[in-house]
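Morning, everyone. I want to talk about pockets today. Here is the structure.

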Amino acid sequence: MNPAIMIEDLNLWIKNRQILHNISLRAPAYKITVIIGPSGSGKSTLLRTINRLIELTEGVRYTGMIRVLGKDIMDWDVYELRRTAVYVAQTPNPFPHMTIYENVAIGPVLHDIVRDKADLDRIVRWALEKAMLWDEVKGRLDEKPGVLSGGQQQRLCIARALALKPQILLLDEPTANIDPENTHRIEEVLKRLRDEMTIVLVTHNHDQAMRLADYLVVIRDGHIESSVKPGD
Amino acid sequence: MSRHRYFKDKLFKIMVFVFAMAGVAPLFAIISAIAVNGGKTILSVGPGFFYGLPSSPLSSSPGGIGPALVGSLILMFLSTIIGYPLAFMTAVLAVEFPESVFGRFIDVLVKSLLEIPTILIGVLVYSLLVVPTGSFSAWAGAIALAIVILPYIYTHVENSLRSIPADIRLASYSLGLSRAKSIFYVFTCEAKRGLLTAMLIGLARASGETAPLLFTIGGNWFTYFQGLGKPIGAVPLLIYTYTLTPYTNYHEAAWGASLVLLMVYLSLFAVFRRFSKP
């Protein structure tokens, strides 16, 4: 099976400081690839490079090749690439001025992928169910996300990403600031999504990596130290 | 605390109080003088002061300021709808494209407008618009005011857009939204309080400016709005013009007009304070 993401000899600099060194990896389709490493090792930078979000950072340049779904990322329309490989940040960042419903609906609406209001309602519900949040928010969809706990807000952000029906989900330490119960729920969400999309998860939690990873990539100081299949 | 330090502390507190009072005293003096004199005029004329026409110079009545008041409202509206979009898009350029040389150039240019004497803006519009068309006009006044208020609106819009948290920006771009969609559907909603405040600041500035109107609107006090290409009145210019005349009733009308202007300004300021609170 072709990998969903293929990276060859990636080197990346931010303001002339090299962050990533000769990174090569493959993220198989419909699997969870976990990138693990200590803080400051370049995990998040690597993740943001896959869908070119890193280009929003000033002073970035990189060499090498990244293919997403078989196509060089430079050949993608950048917005289409980011919609196909959606990034979820470490800190929950729902749009505070929008309601819970609007937070999930904004992607499909602005990308024009819904036919009508009923279609949008279906997608919003589907995404919230997939993020295991529907039962907790179904009676207060018109409230602002500020009423939710941190863990719920992070699941809302995952639902917001899922509403775009992405083929790849890029998660940057999504449970870093979340309580154990919500961490467990998010892990359950990811396990359920495994069959529907390719997931790349960054974490520095070894236990979580072992629980979730189909493939495990260890990164340290911008270098890939090892790339293994847990259990091998 | 030693006696010496006690007296030094007391002296410092007294000095702070005295200087603070000296700082705000002129403001109280202005407001009270306008309230007393302007109040007398408005009470003597009644509601007709707001919609009536000016009286003749030797009349016993101060008359009304209707055409000037309507003219001011029209000029405030026009200058804001011209100046706001320009200031907004300029601020977007400066905030969203900070690495662009053009963006930085525009930023410096617009901010330098704050320092230019507003009468020069009036002279510029006079030479570019009034002289070629051969007539003072509402358009000329509105454009002059739009240039005057542009840097004030720009500064507030820029601050509002810059205050959007980085993680909100990241969230928007990570959903694959283009820069334009992010700005208009996410960032402006996020910063709407600041953007509204910027509009109020623009309206407030436009309501009180006199110098840019001296050479542009012609000061039509006796007829209501006749068209955008025709001369028009405005309250600040009416105050200036009436004050220079030797007629007592015009001086009284100028006090009344000053109170009206102050009320408009304070109302906008009150709304501004309401919206600028987090």
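How much space lies in the largest pocket? About 690 Å³. Keep in mind that this is a predicted model.

Now, what lines that space? The lining of the largest pocket has 20 residues. Nearest its centre lie E55(A), L56(A), T57(A) and E58(A), along with Y173(B). Next, the elements. Those giving two or more residues to this lining are α2 (78-84) of chain A, plus α3 (66-96) and α7 (166-174) of chain B. Which of the elements gives the most? That is α7(B), with four residues.

In the lining of the largest pocket, nine residues are nonpolar and nine are charged. Two are polar.

Let's move to the second largest pocket. Its volume is about 260 Å³. The lining residues come from chain B: L27(B), I30(B), I31(B), I34(B), G208(B), S258(B), L261(B), L262(B), Y265(B) and L266(B). Two elements of chain B give two or more residues here, α1 (3-45) and α12 (248-276). The largest share comes from α12(B), at five residues.

And how does this second lining divide by class? Eight residues are nonpolar and two are polar.

The largest pocket has about 690 Å³ of space, with lining elements from chains A and B.

Methods
Residues numbered from 1 in each chain as written. Chains lettered and ligands numbered in written order. Predicted model: local features only at pLDDT ≥ 70, side-chain atom pairs only at ≥ 80, totals over all residues. Heavy atoms only, no water. 1 Å grid on protein atoms, 1.4 Å probe; cavity = no way out; pocket = protein on both sides within 12 Å on 5 of 7 lines; lining within 4 Å. Points joined across faces, edges and corners; volume = space filled by probe spheres on them. Nonpolar A, V, L, I, M, F, W, Y, C, P; charged D, E, K, R; others polar.
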